[in-house]
Amino acid sequence: MLLGVPKETHPGENRVPITPESAKKLVRLGAELQVEAGMGAGAGFEDAEYTEAGATVVSDREKLLAEADVLLRLRKPTVEEIGGMKEGCIHISYLDPFNEHELVHAFRERKISAISMEMIPRTTRSQKMDALSSQANLAGYVMVIQAAAHLPRIFPMMMTPAGTLKPAKVFIIGAGVAGLQAIATAKRLGARVTAFDTRPVVAEQVRSLGGTFLEIDLGETGETAGGYAKELTPEQIEKQREAQKAVIAESDVVITTAQVFGRKPPVIVTRDMVEGMQPGSVVVDMAAETGGNVEGSVPNEVVEINGVTVIGKGNLPNHVCRDASVMYSNNLFNLVDDVWNGEEGKLLIDLEHDILSGCVITHGGEIVNETIKNLLAGGE
């Protein structure tokens, strides 16, 4: 079975889908592996490393896309690329199926089995394949480093003959994977950390990392079966804003990580809250690319509002692209390895498989994911 790994073409993307180490493991499975020339360059992996791993380096991208039985990628393809793929092949990457309806239809028409890495079920067994979590972990780290780089003071308390410097106050909104890593990183840098999440169940996790959990009674909240925070009502969002306003005003750094899977994120830090912070303070909006948690944040830009720096940088794991590539590549390999049939030497799509049943979007000329099928049937 021919596995193809084309080079990522999205502007500024340095992460790669398969590292030489994962390439070696794929070859050991019995796969024929081809990678596009220069595929690993963004993260510092040379073509020679892939050759040594047993892969074949090719320069004809169109031929690679047309002949591969399985395509392993990071970002979604274009509709034009789908048209040039082998009919009935398997394509694995981020797909954003909730919003990319044209892509979903293109996969269906081409009878391609499209697997969305965002849709990997959040179960204990699938943790090693969960790319959203692996990349969010790194994003949490990067957000704190960005904040520290823009803050005109240090994070830790420092006692010197010239005087004592108080620790920076960091407020983190959202204690999912990214938020928890941000808490841990800010604590390691010596900051005083307060965090809030709509799921009271994570309070103990926040405290275990040395943070203070902000208690806000929002009524019934909780999380979905997939482990994501449930979307709040407008009344709950307003209540959250008011309770957080005083904490935000006293913070040197505010980091927001609140996202609702498949939907526009809520605005939880309004412009007047930003303007109420001390000049020189920093706000990092993790959700800026998809709509923003912070009023006034600009996707992929750093702006100033009333003396406060608001960071809306996107693709945060790309800032640590080497490690991000290693983690994503491991996620991909673990998925392939889990569904690889050793006797036949191929990747088999079984819609009864506990993991594939949630992340296969199209197969055999049909949209087989019930959530996406119902979404498209509704004309949304």
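Visitor: Where does Asn369 sit?
Guide: Asn369 is in the loop between strand S19 (366–367) and helix H13 (370–377). Keep in mind that this is a predicted model.

Visitor: OK, and is Asn369 buried or exposed?
Guide: Buried, because its relative accessibility is 5% and the cut-off for buried is under 20%.

Visitor: What does the side chain of Asn369 reach at 3.0 Å?
Guide: That would be the backbone oxygen of Gly358. A polar atom of the Asn369 side chain also lies 3.1 Å from the backbone nitrogen of Ile372.

Visitor: And leaving aside neighbours within four places in sequence, which residues is Asn369 in contact with?
Guide: Met119, Gly358, Val360 and Ile361.

Visitor: Switching topic: how many aromatic pairs does the structure hold?
Guide: Two. In one of them, Tyr94 and Tyr328 have ring centres 5.6 Å apart and planes at 25°, so that pair is stacked.

Visitor: Where in the chain do Tyr94 and Tyr328 lie?
Guide: Tyr94 is in the loop between strand S5 (90–93) and helix H5 (101–109), while Tyr328 is in helix H11 (residues 321–339), so the pair ties together parts 234 residues apart in sequence.

Visitor: Is Tyr94 buried or exposed? And Tyr328, buried or exposed?
Guide: Tyr94 is buried, with a relative accessible area of 15%. Tyr328 counts as buried too, at 1% relative accessibility.

Visitor: Now helices. At what angle do H6 and H7 pack?
Guide: About 40°, with the axes of H6 (residues 131–150) and H7 (residues 177–188) 7 Å apart. The crossing of H6 past H7 is right-handed.

Visitor: Which residues make the contact?
Guide: From H6, Ser133, Ala136, Asn137, Gly140, Tyr141, Met143 and Val144. H7 brings Val177, Ala178, Gln181, Ala182, Thr185 and Ala186.

Visitor: What does that contact of H6 with H7 look like by class?
Guide: Eight nonpolar residues, five polar and no charged ones.

Visitor: Last one: where's Val254, and why does it count as buried?
Guide: Val254 is in strand S12 (residues 253–256). Val254 counts as buried because its relative accessibility is 0%.

Visitor: Which residues touch Val254, leaving aside neighbours within four places in sequence?
Guide: Val254 is in contact with Phe171, Ile173, Ile248, Met277, Val282, Val283 and Val284. Gly312 is 58 residues from Val254 along the chain, and their C-alpha atoms are separated by 12 Å.

Terms used. Residues are numbered from 1 along each chain as its sequence is written. This is a predicted model: local features need pLDDT of at least 70, side-chain atom pairs count only at pLDDT 80 or more; totals for chains, interfaces and linings use all residues. Side-chain values use heavy atoms; hydrogens and water are left out. Axes are lines fitted to C-alpha atoms, for helices over the stretch in contact, and angles run from 0 to 180 degrees between N-to-C directions. Helices (H or I, at least four residues) and strands (E, at least two) are DSSP runs, numbered from the N terminus. A crossing is left-handed if the near helix is turned anticlockwise from the far one by less than a right angle, and right-handed if clockwise. Contact means heavy atoms within 4.5 Å. Ala, Val, Leu, Ile, Met, Phe, Trp, Tyr, Cys and Pro count as nonpolar, Asp, Glu, Lys and Arg as charged, and the others, Gly among them, as polar. Buried means under 20% relative accessible area, exposed over 50%, partly exposed in between (1.4 Å probe, protein chains only). A polar contact is a pair of N or O atoms within 3.5 Å; within protein, one must be able to donate a hydrogen and the other to accept it, and residues adjacent in sequence count only if both atoms are side-chain atoms. Rings of Phe, Tyr and Trp (its six-membered ring) pair if their centres lie within 6.5 Å; planes under 30 degrees apart count as stacked, over 60 as edge-to-face and the rest as tilted.
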